[in-house]
Every structure is written in C-alpha cells, then in structure tokens.
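Trainee: I would like to learn how to read packed helices and cavities in a protein model. Could we go through them slowly, one feature after another?

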Amino acid sequence: MMKGFLNRDRFLNILENVNIWDIIIIGGGATGLGIALDSSSRGYKTLLLEQSDFSKGTSSRSTKLVHGGIRYLSQGNIKLVYEALQERGLLLKNAPHLVKKQKFIIPIFSWKMGILYWTGLKLYECLSGSLSFGKSQFLSKNEIIKNFPELKTNNLKGGILYYDGQFDDARLAINLAQTCVQKGGILLNYFQVKNLIKKVGNRVSGVVAYDLETQKKYSIYSKIVINATGVFSDSISRMDESECPILIKPSQGTHIVLNKSFFSSSNAVVIPKTSDGRILFCVPWYNHVLVGTTDTFLKKSVLEPKPLEEEIDFILQTFNKYFVSPPKKTDILSAFSGLRPLFVSSDSSVSTKTKDISRSHKLMISSSGLISIIGGKWTTYRKMAEETVNKAIEIGKLDKIPSITKNIRIYGSNYSYKNENYHWKKYGEDEYHIKKLIEENPLLETPLIPKYQNATSYYYCTEAEVIWMVRYEMARTVEDVLARRFRLLFLNAKEAINIAPRVAKLMAKELSKDEKWEKSQIAAFKKLAVRYYYPIA
C-alpha cells in the first residue's frame, strides 16, 4: 500500500500496538492536522483523534481564501497580516494543486475611500515581499464594467485590482492528513475523546477515547496532549479543570452559493464596507459564486450550525445593492455556516461586535500540562502548528528537533498536470490512481449525475472516486463523500440529495455494510442536506 493512503483498519492496528505516544492531538481540523504534520515530520510518535470527519467543523466552511486579511490592516494589526502573507506564499509553493492566485477587485464609489483603499493595498502588497502574488493597480470605470457587467454603475468611479489566494479547504485537510501519514503519523476519525488521564502530580498523561464505530473504549497514553478542537476547546479544558472559565466566544459566518449567471466574472469582488461594517466577498468557486460572510455571536457551539434568517437577508440585501440581477432566496443553491472560535480573555468584558475580537491565535498551558491552541485561521495553520509543537517539546521534555514544514510539499502536489481541469487537478497525483481503478473496471467511470458526463462540469463525479474516497481517504459516511471529498453539498444541496442513494449503495458494498446501514445513511444525509438547501429548509 502506498504511503499516504488513509486506512482506518491499519491505523487501529497500530494504535493497539503502541504503549505510549509522544504527542496526542485532539481535533482534526486545520489546526490539529497542521500540528500532526509538524509533529510527525520532526519524528515524534504522533496520534490525532477526531470525533467526526476531518474538517467537519469550521475548517470546511471557510470563504475558501488564502489571504493576509485586508481588514486587519484597518485594525492596525500589521504583524498578523505580515505573518499571514508569508504563510500564503508558502501554501502556494507547497500545495499548488489546491491553492491558486486569484484577482480581487474593490469597486470605488468615492475618491476619498479610493485613496484610502489604494494606500492600504499598496501596504498589503509591500508586506508580502518576495512572496507577492502580484501588483495592485487602479482600473477605470470602463475596465470595471468590462470585468463585471452585472455590477451597478451608479456613482462608480473605478476600482482597485489586487491579488490574493483561493483554495479548497476540505480537500487541503485530506491532503494534510495524507502528508502526515507519509511522515509516520496516525490519524483516526470518528474517535471521540471522553476524558483525560492524569498521573501522580496531576499531570495529563493521555486520553480515554471511544471508537464511535465499534463503541470500543481505549486508554491511550502520551507524553503530551494538545487540545486543538476549535470552538469545542472549552469542553476539553473542562475535562482538565472543571472550574475552567469559558474562553471561547463562537461567531457564526454564513455563506450562500449562487449560479454563476448572477456573477459571470472570473475575478472576485470585495465590498470593503457594508451597512454594518463587515467585509463581503463575492468569489468564483468551482464554476459558482460564493457570497459571504457574516459575523454573528452565538450562545453555544454546535457541530452543525444553521444559517440564520437575518444572515441570509443581510447577504442578499448587500449583494442586491451592488449587482443588477438580484437573486431571491429560491436562487440559493446551498447555504452553509461555520463557527469561528474567538478567544475572549476571562478577565475582560465581551465586546458586542465580533469584529473587535482579535483573530490572532492563543496558546495556553494548564497547570497539568494540557496545551490548548485557540483561534487563528486556515492561512496561518502551519505557523500555529510550529509554535504549538515547539511548546510541546518544552512541556513534554521531548528531544529538540526543528520544524521542517516550510519546505514540505503537501500530498498531491508532486504531479505534473496534463491540463488545468479543476475536476482532476484537485486530486494531484491521485488522479493517476483513480484512473487506474477505471482502467481495471470501466463501469466505474459512470457519472453519479447522468446529465453531467463531461469532466469540465463541476457536477461531474464518478463511481470510481467514491470507491477511492472510501478505500484511501477514510470516508465513512455519505456526508463525508458529498460534503467534504466531493464539495457537492456546499455547491448544490439539491443535487447532493438526489445522488445520496447511489453513493450509499457504493459505500455499503465497499464497507461490507447491510441494507439497514444504507437506508440509515440516506435518511441521515437527507435530514442534514435540507439545512443547506435553503428554499425548503
């Protein structure tokens, strides 16, 4: 078996034969996967446990941008922007099959604001240094209209073009997991940590965890435990100290996905100041347009957040203010929400505005040695991981080995592309292996959606890919396949609902499951997908 393939049975077998790990990471989102890769690539015995699927939470629900964060400049957070821009450059270098340069345009309706944005974007460009994605430039009113025929032109003066990055978040998560396995790390999804193990002196020395598929209980020992559970960090901290103060304030970000007929440009648009001060992005993504995001405080963290009516209204109203063809709620193909784990100091009053809370990450060590990493964003996942493992070395008294992730190519990137077809490009080197499956059994080339027979359509997806995702990407449920391996649930919930039965049938055969499992998977997925398919939700 090729190194880098994800195989749950093999990982379970290894788990049962290791007495003590160097580092256990709880949480399989961007932060946890980044830490697992940094740790395993340094040579430490590394285990990651995720209660659901990799990137099930916040990490698959981003705006799909690899960016420095232009709005942090207005907050004066130069250090955060500089760090993110450096990491953006490294991501493009190390994962070119998933990360690409993207043109963004800010339409200008006031010369005063135009000068302000121009100054900010030149600073943004300057901060990226040798890792710059391209030079910002002013565009005339006519150039803006040519680029965006759907844009309203009332009071339009021109616009500013700048460059940032775009990626597929959930696919990058899978590739990070594969890279970690290549370096000797072990990862298990659907494995829930129920408690922490403590030894004499009240030091954390492992976890009690359950395999949610078999309900088997495991006591797993390690020198260091890292809490990288994002919005659920407080629940792990409470296992350590029952009186631990609440440090996470979840903020919900909602996006809608529309047909590209509402926004035909290949360039993205940024509305830098909306009615309540938020930034709104309109970004081409897999032949659709992704519009968002909101910033709404929630009282508690949930695994499957639902878009709020007022968030949908805000996005539509803002979009309609700037574009000539106003979409209605019935035009929304998919609507999804993700929760940001914003860190709130226990001795400060909570601001009523999420934009006032820092997006910088926080690294905390409890008296028992539990390390918790909170906050941050996808773009800086590698830097956060490096800092966290450095701290783990110190706390766990591990041999000092420097991080090498700046120069590690992410799994899938070592491949020369015959074409830029986005359907196959996202698989990187695994395109070869999937097509090998089709060679062995030509029937597996059958499209899951009969009307999309051509790989140039994003709705083109084959039976072979489902088989591949189950065998080598640890997909365990229909949701894993349709939400995060294919991104169909996020692009068009109705189409995803339609093909769920075919996916369930293929998976049942591959996983040796019975008809009862198949039916329960279809029912569970439909119940979930209705929350994304806004018109009938």
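Mentor: Let us begin with the axes, which are lines fitted to C-alpha atoms, for helices over the stretch in contact, while angles run from 0 to 180 degrees between N-to-C directions. Helices (H or I, at least four residues) and strands (E, at least two) are DSSP runs, numbered from the N terminus. This is a predicted model, in which local features need pLDDT of at least 70 and side-chain atom pairs count only at pLDDT 80 or more, whereas totals for chains, interfaces and linings use all residues. Residues are numbered from 1 along each chain as its sequence is written, and side-chain values use heavy atoms, with hydrogens and water left out.

Trainee: At roughly what angle do the axes of α4 and α10 cross?

Mentor: In general, two packed helices are described by the angle between their axes and by the distance between the axes. Here the axes of α4 and α10 cross at roughly 105 degrees and come within 8 Å. Angles under 35 degrees count as roughly parallel, over 145 as roughly antiparallel, 65 to 115 as roughly perpendicular and the rest as oblique. α4 and α10 are therefore roughly perpendicular to each other.

Trainee: Which residues of α4 and α10 meet?

Mentor: Contact means heavy atoms within 4.5 Å. From α4 come E83, E87, L90 and L91, and they meet Y381, R382, K383 and E387 in α10. For classes, Ala, Val, Leu, Ile, Met, Phe, Trp, Tyr, Cys and Pro count as nonpolar, Asp, Glu, Lys and Arg as charged, and the others, Gly among them, as polar. By these classes the contact of α4 with α10 has five charged, three nonpolar and no polar residues.

Trainee: How far apart are the axes of α4 and α5?

Mentor: Helix α4 (residues 78-94) packs with helix α5 (residues 111-127) with the axes 9 Å apart, at an angle of about 55 degrees. That makes α4 oblique to α5. On the α4 side the contact is made by I78, V81, Y82, L85, Q86 and R88, and on the α5 side by L123, Y124 and L127. Seven residues of this contact of α4 with α5 are nonpolar, one is polar and one is charged.

Trainee: How should I read cavities, and how many of 30 Å³ or more does the structure hold?

Mentor: Rolling a probe the size of a water molecule over the atoms shows where empty space is left. On a 1 Å grid over the protein atoms alone, a cavity is a set of points where a 1.4 Å probe fits but cannot get out, and lining residues have an atom within 4 Å of a point. Grid points are joined across faces, edges and corners, and a volume is the space filled by probe spheres set on the points. The structure holds three cavities of 30 Å³ or more, and about 100 Å³ of space lies in the largest cavity.

Trainee: Which helix gives the largest share of the lining of the largest cavity?

Mentor: That share, four residues, comes from α4, while α2 (30-41), α4 and α10 (381-396) each supply at least two residues of this lining. Among the residues that line the largest cavity are G34, E87, L90, L91, Y381 and R382. The lining of the largest cavity divides into six nonpolar, four polar and two charged residues.

Trainee: What volume has the second largest cavity?

Mentor: Its volume is about 80 Å³. Of the 13 residues that line the second largest cavity, R88, Y124, E125, G134 and Y163 lie nearest its centre. The largest share of that lining, three residues, comes from α5.

Technical notes: 1 Å grid on protein atoms, 1.4 Å probe; cavity = no way out; pocket = protein on both sides within 12 Å on 5 of 7 lines; lining within 4 Å.
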